[in-house]
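Welcome! Please take a look at the sequence and the model before reading on.

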Amino acid sequence: MPAVSKGDGMRGLAVFISDIRNCKSKEAEIKRINKELANIRSKFKGDKALDGYSKKKYVCKLLFIFLLGHDIDFGHMEAVNLLSSNKYTEKQIGYLFISVLVNSNSELIRLINNAIKNDLASRNPTFMCLALHCIANVGSREMGEAFAADIPRILVAGDSMDSVKQSAALCLLRLYKASPDLVPMGEWTARVVHLLNDQHMGVVTAAVSLITCLCKKNPDDFKTCISLAVSRLSRIVSSASTDLQDYTYYFVPAPWLSVKLLRLLQCYPPPEDAAVKGRLVECLETVLNKAQEPPKSKKVQHSNAKNAILFETISLIIHYDSEPNLLVRACNQLGQFLQHRETNLRYLALESMCTLASSEFSHEAVKTHIDTVINALKTERDVSVRQRAADLLYAMCDRSNAKQIVSEMLRYLETADYAIREEIVLKVAILAEKYAVDYSWYVDTILNLIRIAGDYVSEEVWYRVLQIVTNRDDVQGYAAKTVFEALQAPACHENMVKVGGYILGEFGNLIAGDPRSSPPVQFSLLHSKFHLCSVATRALLLSTYIKFINLFPETKATIQGVLRAGSQLRNADVELQQRAVEYLTLSSVASTDVLATVLEEMPPFPERESSILAKLKRKKGPGAASALDDGRRDASSNDINGGVEPTPSTVSTPSPSADLLGLRAAPPPAAPQAPAGAGNLLVDVSSDGPVAQPGLGPTPEEAFLSELEPPAPESPMALLADPAPAADPGPEDIGSPIPEADELLNKFVCKNNGVLFENQLLQIGVKSEFRQNLGRMYLFYGNKTSVQFQSFTPTVVHPGDLQTQLAVQTKRVAAQVDGGAQVQQVLNIECLRDFLTPPLLSVRFRYGGAPQSLTLKLPVTINKFFQPTEMAAQDFFQRWKQLSLPQQEAQKIFKATHPMDAEVTKAKLLGFGSALLDNVDPNPENFVGAGIIQTKALQVGCLLRLEPNAQAQMYRLTLRTSKEPVSRHLCELLAQQF
């Protein structure tokens, strides 16, 4: 309500409000209101015309009555009449009444529109602002149609006052959010970007909000805003608190504008212009530096404003994921917040670090805070903070800390809040499976999980352990012994009975030699749980009993007695009755050979991927996929411990850009006793060497290479291959690669996972792994729109002679991609000979009837087939001298384009594929590496030496290989990374 004073001449309004407040009961209030409504109605219908001030007073009373919760069904026309007044107070009350009481379907909208049009044309800034505020508050489609073309003109007009521009920008933003199709994109879009340079900070703030919203749908139209936003941000960040006095909030210059500019920059990839990018990096470093400075005020407003800018800066750094130095600094800064006394800061720090953990550059830095995060999981009072701590532990987990994290999460599970127990269970199950190198540890972990939180262990979890035990001969005896011991507990969860029934029915014979676990003891132990279980578990136990008859003939009479019992043969449940009758007949009629054939041990389950991760994502809901996806680090996160290639499928994702690297769910098994899922999945395709555990099956290399063998005709995997390979179109059929194709390719020289390409329609993610001369690549095509892609055809093309150097086998993908969904394509790659040019990826589809096409360079470079080689200093120099011919050496001296950080350099060289050799070079600042390029035809040995000069900001890179083209090409590839 507008302020009421004696000078306003609305004493009657003040008296009326006072009367209402003095009413002692609801009935008295209603009586007073009805009396006033009758008086106002009589005044409006009277013969005597009311002047503007009287209308204003009565309209104000009606507005107050409405705000008290009473319906108002008259007075609207009088409010509309106030709009034509030339007095500000009367016009203000008229607009206020209309904004609050008039709905978008009112018959008065046309009259209101005429009054608004007159005020917009009046060039009176006060009246124009009132009109713009009314349009924004009502926001009806009819108003949008009437003024959507006029408001952009007012916004970019040179003679518009600053207050009018500010109101126009916010009004246009409101209309665009309500009806995007009504706001026309035209020449004004280029001019509105230049409002970022306006002298008035309020105009800039409003313009940034508008541009941020508009560029999400039309990014190319507003691409020029990047440099202007960086320039404005730079001026704010480098300014002192006294430079922007009117917009300084508790010694923080323009915090709201800074946050909005940082969010605007997150709508685009890193700037292509080196100068703009350098200025932006300088801004981000300045913000991080200021965060380390002592606070200029002890007030909470100061710290809130400062931290808001800091967290938005970290979000931008994470979004770019291209500056290793900034990512590590951001991680260290967040680490300081983990022990902050403010709960909200701890929550935000944990949430941001979850995202940082998915970056290959900052993952190691995140791991250094593991003890702090574990302590937060144990001691935090707020359940939401504990949940974020659990998420971060899950995100930072890898092979080096898996046992510690799983142990801590199991310990926390005993006292965890009921709301998050199922989620913790799923995470423990996933981590135990993904990083298990000792199968006995995996079995112990899952059984411990069932013991601690059996009610929250879903079918996917215990199906999974059965699949793995069935497919691994070396763990079956240990699993049978462990589950037998677990079943002896007085209180045993039903899920434990299910697991025990299945495993003992299949592999109980492996522990039957011990008198403590003889066949009668096993049967007695299981049957003691029978009457306490549900129908589904009893059905499984009956199947276990008939398996016992085959495994242990001495138990036949006892088990037949159980099956003959009236409680089984006349059971009210049809399933139990049928099983009892059929199993009894089978055991009585069939010969020993027939019985052995029918009840033989379950064969290994078909190889599919785990459905546990998909269940966890469903539970977390939309928007959380990025925290669950393991798109960081090379192959150590890929395909849960060596799963086979997934089938091409379409998965609906509410946020296509967030779920590029998710795994697909396997269908649940049809019956408890015969789960169908993934098998043989605990082989780590990413390990650097053979697993140092006896009897754990093939080494990672053997498992990986066997997976890439062409499937046999009778293999289920053969069904996934195309019936006949399509003709490989030539480069002339697909057009030239996009201009930024080389830059996108360079980002993947030292990493295997990430986003290869993204625009407003399509996002293409890559996840790959390589062993010896073979590789596998997963391409994820995400539809970012709400419209289905038609005739979607991705094709791999071999330019020149590449087909004789590199073999790429592709899998077919769906021709339609629904809006907000993604499809996955699998590529099997074999390096036949050394090659210099990468294959091309052509993507064609129809969007809204219009054909779309783009050509990229597939991130397959010769260094992907690098096998690191360890050697002593003497061997290195001996080999270095052997490769001394001029054509065998390639050398390049170049300026550093990124900050010279030893840890980042080491990470890039390891990502490039070579082994780093310590204590070889006399200068400890230099880096020395060795490796072998593996191709089908030959092997190419490679030695490298990188000499950084921090003072001159220069590098000298020397490579020696046994083939001249390989030396030059590797030198060019690696030099571009520094």
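The report below starts with the whole chain and then visits a few local spots.

## What kind of model this is

This is a predicted model, in which local features need pLDDT of at least 70 and side-chain atom pairs count only at pLDDT 80 or more, while totals for chains, interfaces and linings use all residues. Residues are numbered from 1 along each chain as its sequence is written, and side-chain values use heavy atoms, with hydrogens and water left out.

The predictor's confidence in each residue is called pLDDT and runs from 0 to 100. Its mean over the protein chain is 81, and 85% of the residues reach 70 or more. Among the elements, helix H14 (residues 255-265) has the highest mean pLDDT, 93, and strand S3 (residues 650-652) has the lowest, 32. Residues 1-7 have pLDDT below 50, and beyond near neighbours in sequence this stretch has 11 contacts in the model. Residues 622-728 are also below 50, and that stretch has 278 contacts beyond near neighbours in sequence. Contact here means heavy atoms within 4.5 Å.

## The chain as a whole

The protein chain holds 42 helices and 17 strands. These are DSSP runs numbered from the N terminus: helices are H or I with at least four residues, and strands are E with at least two.

Of the 978 residues, 54% count as buried. Buried means under 20% relative accessible area, exposed means over 50%, and partly exposed is in between (1.4 Å probe, protein chains only). Among contacts between residues at least 6 apart in sequence, 71% join residues at least 24 apart.

## Two helices side by side

How do helices H23 and H24 cross? The axes of H23 (residues 418-434) and H24 (residues 439-453) come within 9 Å and cross at roughly 170 degrees. That makes H23 roughly antiparallel to H24. Axes are lines fitted to C-alpha atoms, for helices over the stretch in contact, with angles from 0 to 180 degrees between N-to-C directions. Angles under 35 degrees count as roughly parallel, over 145 as roughly antiparallel, 65 to 115 as roughly perpendicular and the rest as oblique.

On the H23 side, the contact is made by Val 425, Val 428, Ala 429, Ala 432 and Glu 433. They meet Trp 441, Tyr 442, Thr 445, Ile 446, Leu 449 and Ala 453 in H24. These residues divide into nine nonpolar, one polar and one charged. In this grouping, Ala, Val, Leu, Ile, Met, Phe, Trp, Tyr, Cys and Pro are nonpolar, Asp, Glu, Lys and Arg are charged, and the others, Gly among them, are polar.

## Aromatic rings

Rings of Phe, Tyr and Trp (its six-membered ring) pair if their centres lie within 6.5 Å; planes under 30 degrees apart count as stacked, over 60 as edge-to-face and the rest as tilted. By this rule the count comes to 22 aromatic pairs. In one of them, Tyr 249 and Trp 256 have ring centres 4.8 Å apart and planes at 70 degrees, so the pair is edge-to-face. Tyr 249 is partly exposed, at 28% relative accessibility, while Trp 256 is exposed, at 55%.

Phe 548 and Phe 552 also form an edge-to-face pair, with centres 5.3 Å apart and planes at 70 degrees. Both of these residues are buried. Elsewhere, ring pairs link Tyr 781, Phe 789, Phe 792, Phe 845 and Tyr 847 into a cluster.

Phe 484 lies in helix H26 (residues 473-487) and is buried, with a relative accessible area of 6%. Leaving aside neighbours within four places in sequence, its contacts include Leu 504, Ile 511 and Val 521.

Pro 899 is found in the loop between strand S13 (889-895) and helix H41 (902-912) and is partly exposed at 38% relative accessibility. Beyond its neighbours within four places in sequence, Pro 899 touches Glu 323 and Asn 325. Gln 772, in the loop between strands S5 (762-771) and S6 (774-783), has a phi near 50 degrees, a positive value in a residue other than glycine.
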